[in-house]
Amino acid sequence: MQTKNTAMLTNARDFCKTRLTPIAKQLDEAGRFPQEFLSEMGQAGFLGINYPAEYGGKDCDALTAYKVIEEFGKVSAGVALTVHVHWMVADIILKYGSDEQKQKYLPSLLKGEKVGAFCVSEFQAGSDAAAIRAAAKKTDRGWIAEGPKWFCTNGGLADIYLIGFKTDPEAGAKGISMFIVEKGTPGFTIGEPEGKMGCRSSVTTGLNFNDCVLGEGTLIGKVNEGFKVAMYALIAGRLGMAAMGLGIAEAALAAAAGYANKRTAFGKPLTALFSVQEMLADMHVKIEGARLLVYDAAAKRSNGKDYSLEGSVAKLFVAETVNVTCHKALQIFGGHGYMKYYDIERIARDGRLIDIGVGASEVLKMVVGGAVAKLKGGE
């Protein structure tokens, strides 16, 4: 008998095989998310997998949720990105939202009736969140938001936006607050989708706020504690990126192995050549190591444990794994891998984001290094 966790994973694999795989290439070429599948994805529970049933979630464990992201990542990394960023919004509202905010927003988000977007970044401020300039000022009319935001994943697609604004311009990271902004709020405009190198089935836009009044109940968490709120979501986002990257690496290996089995060179299959065997072995070993790290971090989240260090470690290792795997896979394909008629070209472009998104590897090395110094320094 299937448990709800195994049933969810089975449904995700079936959805990827029957719905996403046939159109993944077209989604990449058109740079669009398949909105026609949103209702189906919502009914299947993909947008609320590991959230409480009382709010419309499916009450599965986090390990199952990130395995589903892995499955999406194998087929369409942009769809995987869309879903796990949507979860970042649900994470914040569940953790920091008032009872009223939870009742108002979670049911529609977890059932897939509405999509969430998260944005702290600006053109000049990515990893350095303290450098943001868009501000929200408290007035008699409410909070007045002004300024542009950048790199908003799910921008335009989403109905509910979690946005970080400076509420104390002199306080750096300690002067940021998080607000819930609904699409259609006067003074809030959404830019055109950006043309991206990869993950093109995920929509990314800029946002702009011009005399945008954020009324009662839009602040989430406490004033000037938005950095802490954002970091809570980013910890989950890093694990989401790691799971997505694991799927990308698996897709690259499968494509390379399949091609090598069919292709002949020098009178024999590519798989008979030691150099190709070595590349396939290196790819497989790295992926298996990455899988253990991702699943360990997800299991800690499932058990209610702190997984911030494990999530960062997993993302760092997965980023390296994706880079190596995609490089070697393209090498096995040779000139054919450089052409758009094989999926490996798209897979390699999608994989490049893992090193950058939701915490660049250089920043995560500082995070992990600092944590390790505290953990191991006294031994």
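At what angle do helix α7 (residues 226–262) and helix α10 (residues 343–351) pack, and how far apart are their axes? In this predicted model, the angle between α7 and α10 is about 155 degrees, and their axes are 10 Å apart. Because angles over 145 degrees count as roughly antiparallel, α7 is roughly antiparallel to α10. The crossing of these two helices, α7 and α10, is left-handed. On the α7 side the contact is formed by Ile248, Ala251 and Ala252, which meet Ile344, Ile347, Asp350 and Gly351 of α10. Sorted by class, the residues in this contact of α7 with α10 comprise 5 nonpolar, 1 polar and 1 charged.

The domain assignment divides the protein into domain 1 (1–115), domain 2 (118–224) and domain 3 (228–372). The UniProt annotation, from an unreviewed entry, lists residues 224–369 under "domain: Acyl-CoA dehydrogenase/oxidase C-terminal".

The contact of α8 with α9 draws on 16 nonpolar, 5 polar and 7 charged residues.

The N-terminal part of the chain is described in the record by "domain: Acyl-CoA dehydrogenase/oxidase N-terminal", which UniProt places at residues 6–113 in an unreviewed entry. Residues 6–113 are 69% helix and 0% strand, and a distance of 24 Å lies between the end C-alpha atoms of the span.

How do helices pack in this part of the chain, taking α1 and helix α4 (residues 62–75) as the pair, and at what angle? The angle between α1 and α4 is about 15 degrees, with their axes 10 Å apart. Since angles under 35 degrees count as roughly parallel, α1 is roughly parallel to α4, and α1 passes α4 in a right-handed crossing. From α1 the contact takes in Asn5, Met8, Leu9, Ala12, Arg13, Phe15, Cys16 and Leu20, while α4 contributes Thr64, Lys67, Val68, Glu71, Phe72 and Val75. By class, this contact of α1 with α4 consists of 9 nonpolar, 2 polar and 3 charged residues.

Asn5 lies in helix α1 (residues 4–20), and, leaving aside residues up to four places away in sequence, Asn5 touches Cys60, Asp61 and Thr64. Glu29 is 24 residues from Asn5 along the chain, and the C-alpha atoms of Asn5 and Glu29 are separated by 33 Å.

The centres of domain 1 and domain 3, taken over C-alpha atoms, are separated by 21 Å. Between these two domains there is direct contact, in which 24 residues of domain 1 meet 28 residues of domain 3.

Methods. Residues are numbered from 1 along each chain as its sequence is written. This is a predicted model: local features need pLDDT of at least 70, side-chain atom pairs count only at pLDDT 80 or more; totals for chains, interfaces and linings use all residues. Side-chain values use heavy atoms; hydrogens and water are left out. UniProt positions are given in the numbering used here, feature names are shortened, and annotations may be inferred rather than shown by experiment. Helices (H or I, at least four residues) and strands (E, at least two) are DSSP runs, numbered from the N terminus. Ala, Val, Leu, Ile, Met, Phe, Trp, Tyr, Cys and Pro count as nonpolar, Asp, Glu, Lys and Arg as charged, and the others, Gly among them, as polar. Domain bounds come from an automatic or database domain assignment. Contact means heavy atoms within 4.5 Å. Axes are lines fitted to C-alpha atoms, for helices over the stretch in contact, and angles run from 0 to 180 degrees between N-to-C directions. Angles under 35 degrees count as roughly parallel, over 145 as roughly antiparallel, 65 to 115 as roughly perpendicular and the rest as oblique. A crossing is left-handed if the near helix is turned anticlockwise from the far one by less than a right angle, and right-handed if clockwise.
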